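Hi everyone, thanks for coming. I'd like to walk you through a structure today, starting with the overall picture and then moving to one helix.

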Protein chains: 2
Amino acid sequence: MSALDDLAGAAKSGTLYGIGVGPGDVRYLTLRAAALVQTVDLVAYFAKRDLAGNARRIVAPLLSAGRTERRFEYPLTDEVPADCALYRDELGRFYRDAANAIAGELRLGRSVGLLAEGDPFFYGSFMHIWRRLAADFPTEVVPGVTGMSGCWTRANVPITWGDDSLVVLPGTLDEAKLVERLRFADAAVVMKVGRHLAKVRRAVATAGLLARAVYVERGTMEEERIRPLAECGESEGAYFAMVLIPGEGRRV
Amino acid sequence: MSALDDLAGAAKSGTLYGIGVGPGDVRYLTLRAAALVQTVDLVAYFAKRDLAGNARRIVAPLLSAGRTERRFEYPLTDEVPADCALYRDELGRFYRDAANAIAGELRLGRSVGLLAEGDPFFYGSFMHIWRRLAADFPTEVVPGVTGMSGCWTRANVPITWGDDSLVVLPGTLDEAKLVERLRFADAAVVMKVGRHLAKVRRAVATAGLLARAVYVERGTMEEERIRPLAECGESEGAYFAMVLIPGEGRRV
């Protein structure tokens, strides 16, 4: 292929959109995200095996019948620890295959909107596709309302005041690290609490923050549950669970 | 007034909406925010003296002629240090007066949409009104895309990968504290950089993070500027400036 053919080919490529679909309520999509969901040639999304896919569920009210969709099913999610070679191998192959499939569509001149829960560049699976394709195809990322914003809104907990600092921690960190980092925080969010609930509660208590901590499960979604963390006696939480510790900074 | 009158009065109160208007581009308002901006009885917003008001500017394309608006002008913003008694007194009086004015509208049965840049519960001025009124009036907070999401999207910098932790720091912190907290971060955002740019750059360098740091000014807005922090030689940045330090967590 000559350089000229190459250029002509590139000019006809479809655009890859990373579409942040927000925390769960379809009304929290941005205008840009909603417009793209309704107009891209192909709506693509990731889903756990046997489940509808949370991002797909969020945008369902915006998808008219007959839209072209592509579902990519994770070979695994949290069944295997992320520091395992098996996890890296399986997920690596999965994202590579998905990126290849999407690249095939883009080369045919079709636009692809890959849905991302929350914000695409904040712990988003989209990033694993983006790093494989963004250099080669026109790409637009549409920021979204994060899951944590949805949770603190629904919990009625302003998270940072005045000069508060905020720390966002994955619940997968070991207990000593959680404690150490929580001690440096004015306000904190612990994500991915799920099966780490008992450990997270101990770490929050050790850091002296239990009295202010709020547990939020499936924030902005139908099965939302919000409680003081101190009242969560169970050892495991839901997959979409986080713990919020609001700051106590300057009130004027 | 009897308890019954009181109840009847309460039932007719207008609703207070805290409307997150996102980072700057009107397309990044949520569907819920855009609908409210177009339908509330009164659109209220804060603005710096002599300026149009950034939140007002963001939603301008959605405001048809003849909408009822109420502008609240800050008596001061960053001319006086926030730990000064003068700052607290002046701002305290300002928010109290604004809350009273809004309460007056709500009591007349009018809905009030108070615009908040980014997300209302993330460093939002709205919170100072919310804490004065939310117990007494029906209130709905609409989460928004944060300024930092807008900035890392435009800078093309995925911020957190895998099990990265994220630290959000105000640039107002003193240099030693900035360094100490940056050292505990996998990824970091320094907000409110403005006049603190030289200090923030020194702190980022001391923490060994200068090579990855990106400076973003007015992200998603018209006068947006994005550069490596290492290339920002000037001592002061714009008011809407932040520094992003992306995480280096798990790529699969």
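Before we start, one term: when I say contact, I mean heavy atoms within 4.5 Å. Please also keep in mind that this is a predicted model.

With that in hand, look at chain A. Take its contacts between residues at least 6 apart in sequence: 70% of them join residues at least 24 apart. As for secondary structure, chain A has 8 helices and 10 strands. Its radius of gyration is 20 Å, close to the 18 Å from the globule rule for 252 residues, so chain A is as compact as a globular protein of that length. Along the principal axes, the C-alpha atoms fill a box of roughly 65 × 45 × 35 Å.

The chain exposes about 10400 Å², and carbon and sulfur atoms supply 49% of that. On charge, there are 32 positive and 32 negative ones, and their mean positions are 0 Å apart.

Now to my helix for today, α6 of chain A, residues 147–154. Is α6 of chain A enclosed or open? Here 6 of its 8 residues are buried, so the helix is largely enclosed by the rest of the structure. Those buried residues are M148(A), S149(A), G150(A), C151(A), W152(A) and T153(A).

And what covers them? From chain A, the cover includes β6, β7, β8 and β10.

How values were computed:
Residues numbered from 1 in each chain as written. Chains lettered and ligands numbered in written order. Predicted model: local features only at pLDDT ≥ 70, side-chain atom pairs only at ≥ 80, totals over all residues. Heavy atoms only, no water. Helix = DSSP H or I, 4+ residues; strand = E, 2+ residues; numbered from the N terminus. Rg over C-alpha atoms; globule rule 2.2 N^0.38 Å. Areas by Shrake-Rupley, 256 points an atom, 1.4 Å probe, with all protein chains shown as cover. Lys, Arg positive; Asp, Glu negative; His and termini not counted. Charge placed at Lys NZ, Arg CZ, Asp CG, Glu CD. Buried < 20%, exposed > 50% of the residue type's maximum accessible area, 1.4 Å probe, protein only.
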